Amino acid sequence: MFEEILEFLILGLVLGGIYAMFAVGLTLIFGVLDIVNVAHGEFLAIGGYALYIAMVVLGLPAAVGLVVAPVAVFVLGLAVYPLLFAPLQKRLGRRAPGPLFLVLTLGLSALLQNSLLAIAGGEFLSVPPAVKGGLDLSFTYISGQRLLILAVAGASLGLLFLFLRFHRQGMAIRAVAQNPAAAQSVGIPLGRIFTLTIALACGLAGLAGALIAPLFSVYPAVGFTLTIKAFAITILGGMGNLLGALVASLIIATLEALSVIVIPSEWQNAIAFGTMILVLLVRPQGLFGKKP
Amino acid sequence: MLSVQGVSAGYGRLEILHKVALDVAPGEIVGIIGPNGAGKSTLLKTIFGYLPPFEGTVTFENQTLQGRSPDQVMRRGIGYVAQAGGIFADMSVHENLVLGGYSLKSARAVNAAIEKIYAQFPRFRDRSRQRAGSLSGGEQRALAVARTLVISPRLIILDEPSAALSPRLIEEIYGTLADLNRSGIALLIVEQNVRRILDSAHRVVVLDMGRNAFAGSSDELRRSDRIRRLYLGEDAG
Amino acid sequence: MSVLRPRTIAIAVVALAGLALPLVWSHPFVLHVAIQALIWALFAASWDVLSGYTGQVSFGHGGFFAIGAYTAACLTKLVGVSSWVGMAAALLLCALVGLGVGFPALRLRGHYLALVTLGFGEIVSLVVTNWQSLTGGAFGMHDYGTFSGLPADPLAQRQMAYLIVAAVSLTGLAILLYVTRRTSAGPAFRAIREDQILAASLGIDTTHYKLLAFSLSAGFAGLAGSLYAYYIQLVSPTVGSSASSALVIGMAVFGGIGTIWGPFLGAILLFSITEGLRFIGVVYNLIAVGAVMVVFVIFVPRGLAGIRLYRRGRQQRADRLKADEDADKGLVKAE
């Protein structure tokens with residue numbers, strides 16, 4: 001029993017790493033732009049497709065694919081603010097955005113997801129794992145891909161936190177999140193920071209998509225379920241709170257992994273949604289948030 | 001150096017400023033006073049680029065400012081201290097100062113500038129790692145002023161530097177401002193505390209209902225019975 | 001008013017002609033598209049009552065639609081009731097569920113409300129997928145029959161189904177329009193949308209009216225779901241998926257949020273267009289819906305309903321200007 005729990009805990013940690021890479025980006029966009037990006041999952045899917053193209057279509061080594069995929073999604077993410085968000089912000093002026101950005105990103109999600117469906121078809125494309133072999137613990141076996149996920153998730157999130165903490169542009173991102181007017185007064189151009197923030201978050205999602213591609217295959221809707229789950233995570237962690245999102249990712253993933261012991265696996269997804277609704281009703285600011 | 005001519009501005013379609021004019025000469029302290037709702041803060045926001053003017057021109061050292069965003073305006077050498085200070089409350093004192101130098105390309109220049117500021121404000125060196133939001137109101141205001149100094153501005157715009165401060169702290173902040181002015185920085189200050197600004201400013205501009213009502217030296221203002229009655233809330237007798 | 005009369009008559013004539021078209025041009029495909037378009041129209045109008053008109057944006061309306069569809073299918077299959085009873089039951093049950101969702105959602109606004117309704121939709125979809133004994137799981141339910149009392153002839157059957165759906169859907173629209181335009185609920189809904197706190201301070205019982213909007217909206221979404229169940233004669237978990245929630249929002253955006261008849265008309269048009277696109281390829285219709293949402297939200301915020309208003313010209317523009325100015329004044333005062 002104990003070993004079983006330990007095994008699921010490790011699985012939960014791996015899953016939590018993926019959730020975190022995704023949810024931290026989502027909550028970063030929310031913190032800086034006050035926008036919930038419903039289309040975030042599609043960038044994860046595009047990351048998976050980019051890896052598929054690099055590894056399976058072009059036959060490049062996995063290491064190259066794992067670099068190309070996030071970079072490609074980062075570049076795509078650079079277009080989101082100037083092309084979509086900035087025009088709507090401009091039209092709204094000082095009026096409250098209300099739910100219009102949600103409708104916009106929901107439309108973007110439908111557009112991207114179905115474009116992928118039209119281009120790549122609906123089938124599940126499998127990608128070979130980036131690393132072979134694995135780690136044989138006496139009670140369980142952890143595949144190399146899972147270990148890679150843990151390492152890359154840890155490293156990329158660590159780099160992001162260091163970037164935000166110490167880099168000039170990272171500090172600017174935090175400054176804009178805290179006080180956009182003051183940020184402008186010290187010379188920070190809002191538009192460029194918004195563009196950079198979204199692209200960073202998208203790149204991180206693209207990397208996550210490339211990492212899970214060998215485990216879950218690549219298909220157009222691979223990101224959407226995760227998006228909804230990530231909403232639950234960001235709400236649990238307090239919207240806009242990066243560390244909160246990281247911790248909440250690990251909590252939700254561990255709960256999901258452990259739940260298999262108690263409830264049928266079809267109901268696994270209900271944990272995230274149930275938690276989200278519970279948190280919104282009991283403590284809407286999340287575990288670590290200030291006021292909502 | 002700063003010249004505002006015929007500027008009308010406001011929010012949406014609501015015009016608050018009507019053809020306002022204003023000048024600041026190098027090294028000068030200019031105060032803007034007037035009753036609540038006269039458009040004083042609106043004027044500062046328009047000069048600094050937060051609000052685009054409907055008409056009129058704003059120039060700084062013969063370069064056009066209107067139509068530029070705040071981050072572009074500050075790069076011309078203008079500092080801005082918002083009404084509540086506008087510091088980054090969740091960041092450390094040091095980080096606030098580093099961000100003050102965001103527009104400088106070289107990290108070395110930023111560090112040198114911050115070193116100078118620490119020499120000028122030793123208490124910030126002692127508290128460099130403290131959360132800016134945990135500073136007292138007066139210190140937060142001083143930090144906001146210090147933050148503008150990183151880029152060595154030639155003009156600093158301040159929106160009510162004395163608001164919500166005790167008389168002692170008001171004297172302190174105005175002492176700091178006087179020091180800055182002696183080092184050659186021009187100041188444009190919106191102030192509710194009329195007595196205080198009359199003591200410091202070389203010239204005063206009075207706004208009323210979004211229009212220029214008076215412009216002149218502090219002494220001229222003090223001598224004008226009508227202005228005193230209207231804007232200083234004193235009896236002329 | 002007298003100026004409007006000929007216009008009203010003209011609109012009525014065009015609408016009736018449009019409604020009669022599928023009966024005159026009774027090609028099975030035309031009827032098929034027309035019936036589904038009307039179902040989506042009622043669904044979109046129901047979404048708009050809550051989300052557009054009252055400003056409480058729901059991202060999980062597919063959940064109500066699914067509950068309505070499954071209620072109708074289950075009742076007819078297991079209890080054997082007529083479709084009329086099934087429809088009424090779907091309406092009432094969904095209104096109750098809407099009330100149930102509305103209660104906890106009372107405290108939530110904006111992003112949070114949208115996300116909690118999204119979670120609600122996902123949970124409905126999980127339940128219908130996994131409650132296999134009742135719902136048949138992923139394969140869904142079938143063999144429970146169609147509307148009661150349809151003629152045997154296939155074409156006549158479809159024509160009759162069209163008439164039923166058109167009647168129910170238009171009645172639904174009429175009721176929603178009546179409630180929002182002719183009763184005290186209308187101004188209360190609008191006040192909640194513009195400023196909840198102000199609405200409450202004006203003595204509007206926001207709790208009461210928000211719950212009313214929730215149950216009204218959910219009820220008619222459920223009614224649309226039951227129409228779908230009886231017409232298509234197959235309900236599966238996909239009817240309530242987040243994709244259908246997204247689709248209905250896209251339709252409403254296309255038609256013009258906040259007008260109720262706009263989304264109704266927008267759904268008919270968008271559904272017909274995208275069904276037409278099916279000839280080119282199955283997935284292109286959803287790409288089109290996504291593109292419509294993106295483009296319309298940014299560039300045509302008032303939707304098709306707004307485009308039409310341009311002809312009515314000055315008065316409306318003046319009204320809008322004034323509303324903007326009032327909003328500006330409010331903002332300035334708040335500063």
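How many residues of chain C are in contact with chain A, and how many of chain A with chain C? The legends below take up this and other views of a predicted model.

**Figure 1. The contact between chains C and A.** Here 33 residues of chain C meet 37 residues of chain A. On the side of chain C that touches chain A, at least two residues each come from helix H5 (110-130), helix H11 (242-255), helix H13 (284-299) and helix H15 (314-334) of chain C. Look to H5(C) for the largest share of that side, twelve residues. By class, the residues of chain C on this side are 25 nonpolar, seven polar and one charged.

**Figure 2. Chain A as a whole.** Chain A holds twelve helices and two strands. Followed from the N terminus, its elements come in the order α-α-α-α-α-β-β-α-α-α-α-α-α-α. Chain A has a radius of gyration of 19 Å, close to the 19 Å given by the globule rule for 292 residues, so chain A is as compact as a globular protein of that length. The C-alpha trace of chain A spans about 60 × 50 × 35 Å along its principal axes. Of the 292 residues in chain A, 54% are buried. Among contacts in chain A with a separation of 6 or more, 75% join residues 24 or more positions apart.

**Figure 3. Helices H10 and H12 of chain A, where they cross.** Helix H10 (residues 224-237) and helix H12 (residues 268-282) of chain A have axes that come within 8 Å and cross at roughly 35 degrees. This crossing of H10(A) and H12(A) is left-handed. As a reminder when tracing a helix face, an α-helix has 3.6 residues a turn, so residues three or four places apart point the same way.

**Figure 4. Helix H3 of chain C and the glycine that follows.** Helix H3 (residues 61-79) of chain C has 19 residues. From its first C-alpha to its last, H3(C) reaches 26 Å, close to the 27 Å expected at 1.5 Å a residue. Is H3(C) mostly covered or mostly uncovered? H3(C) is mostly covered, with 16 of its 19 residues buried. After H3(C) comes C:Gly80, which has a positive phi, near 80 degrees.

Terms used. Residues are numbered from 1 along each chain as its sequence is written. Chains are lettered from A and ligands numbered from 1 in the order in which they are written. This is a predicted model: local features need pLDDT of at least 70, side-chain atom pairs count only at pLDDT 80 or more; totals for chains, interfaces and linings use all residues. Axes are lines fitted to C-alpha atoms, for helices over the stretch in contact, and angles run from 0 to 180 degrees between N-to-C directions. Helices (H or I, at least four residues) and strands (E, at least two) are DSSP runs, numbered from the N terminus. A crossing is left-handed if the near helix is turned anticlockwise from the far one by less than a right angle, and right-handed if clockwise. Two residues are in contact if their C-beta atoms, placed from the backbone, lie within 7 Å. Ala, Val, Leu, Ile, Met, Phe, Trp, Tyr, Cys and Pro count as nonpolar, Asp, Glu, Lys and Arg as charged, and the others, Gly among them, as polar. The radius of gyration is taken over C-alpha atoms; the globule rule is 2.2 Å times the number of residues to the power 0.38. A residue is buried if 20 or more other C-beta atoms lie within 10 Å of its own, exposed if 12 or fewer, and partly exposed in between; C-beta atoms are placed from the backbone. The expected span of a helix is 1.5 Å times one less than its number of residues.
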